[in-house]
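Please keep the sequence and the structure in view while reading.

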Amino acid sequence: MKNVLVIYFTQSGQLAEIAKNVALPFETDGDTQVDYHQIKPLQPFPFPWAKDNFFDAFPESFLQIPTELDPVPNEILNKKYDLILFHYQVWYLSPSIPINSFLKSADAAVLLKDTPVVTISGSRNMWIMAQEKVKKLLFQGGAKLVGNIALVDRVGNLTSVITIVEWMFTGVKKKYLGIFPLPGVSDKDIAESTKFGHIILNHLKSGNFDGMQAELVKADGVRISSYLTLVDKTGNKIFKKWSNFIISKKDSRKSWLKVFYVYLFLAIWVISPIVYILHLLTYPLKLNKIKREALYFQGVEENKYV
Ligand SMILES: Cc1cc2nc3c(=O)[nH]c(=O)nc-3n(C[C@H](O)[C@H](O)[C@H](O)COP(=O)(O)O)c2cc1C
């Protein structure tokens, strides 16, 4: 009998759906006990988001400042798990606040130590550097990262900015103005995520996770876009300056968050299309580096970027 723990946080329910589908093969296996732990902040982040709250979450998300969580129940803490399926979402190019809070908690230290972990993210599309941060916290906690799956919204980058922001502000997954595609990870990708569960279960049963990440990648578990990687890395450098600056502005935080909002708007709608064109023009010169990076970001090697 193998013990598997599914850990997740979700606001819209998207990651709960993904978690359920990935866990399906374990549930029906008959020889695996699956437990679930939903991360819950003591002070919930209201969903749908009010605009001010959405931007107010930026400094603490990016600086990975933890908030207090409901404790993990003792019946879970006292058990030794053979595998953890760790589901998370990205907020501001970083693991969401509930996720970083969990990874930094004393409860996580108990659960992660010497335990194989598969990370599964459900984000808009910019998860590369967040995964580096998650990797760092997992390695610090003594976990063994054995797999990673990154589920994203596959529509164009700018389209998903519009549709996901609309979804976050209304709480409803619908076709914006009747013409935009549905926001978030597609229903098809969510439904098909069970295929990853089968791959992971096979390796759990054989007691050997070698080669598993290659199989997950082959099953379309991780797609790397060199353009999004570039934006993510550059965005991290700029967000670092903004977040440290805003967090230091106790009295004028609200006003600076408004300035940040204007900056973000311009960065997405003016700067990123220019970066895209420059990226296309310089692409042939960077081909070797792009290939090297794509291999690294598809893998589960120890973090080297944060
Ligand atoms: C405050 C906030 C910031 C976000 N920032 C990013 C981001 O930087 N990159 C990204 O790919 N998705 C981003 N997203 C989308 C989330 O990763 C995720 O897809 C969405 O919140 C749905 O997850 P849920 O299961 O919690 O409902 C952000 C969402 C929120 C609420």
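Gln64 lies in the loop between helix 3 (58-62) and helix 4 (74-77), where helices (H or I, at least four residues) and strands (E, at least two) are DSSP runs numbered from the N terminus. The model is predicted, with local features needing pLDDT of at least 70, side-chain atom pairs counting only at pLDDT 80 or more, and totals for chains, interfaces and linings using all residues. Residues are numbered from 1 along each chain as its sequence is written, and side-chain values use heavy atoms, with hydrogens and water left out.

**Backbone features in loops**
- Gln64 has a phi near 55 degrees, which is a positive value in a residue other than glycine.
- Phe47 and Pro48 are joined by a cis peptide bond with omega about 0 degrees, and Pro48 is placed in the loop between strand 2 (32-38) and helix 2 (51-56).

**Ligand surroundings**
- The ligand is surrounded by 19 residues (a heavy atom within 4 Å), and the closest are Thr10, Ser12, Gln89, Val90 and Met126.
- The residues of this shell divide into 10 nonpolar (Ala, Val, Leu, Ile, Met, Phe, Trp, Tyr, Cys and Pro), one charged (Asp, Glu, Lys and Arg count as such) and eight polar (the others, Gly among them).
- Two or more residues of the shell come from each of helix 1 (14-28), strand 4 (90-91), strand 6 (116-123) and helix 8 (157-170).

**Polar backbone atoms and burial of the ligand**
- An oxygen atom of the ligand lies 2.9 Å from a backbone N or O atom of Gln11, an oxygen atom of the ligand is 3.3 Å from a polar backbone atom of Leu15, and a backbone N or O atom of Leu93 is 2.8 Å from an oxygen atom of the ligand.
- Taken alone, the ligand exposes 620 Å² (Shrake-Rupley method, 1.4 Å probe), and the protein buries 95% of that.

**Annotated segment**
- An unreviewed UniProt entry carries the annotation "transmembrane region" for residues 260-282, and such annotations may be inferred rather than shown by experiment.
- Over residues 260-282 the chain is 100% helix and 0% strand, with the end C-alpha atoms 29 Å apart.

Definitions and conventions. Polar contact = N/O pair within 3.5 Å; in protein donor to acceptor, adjacent residues only side chain to side chain.
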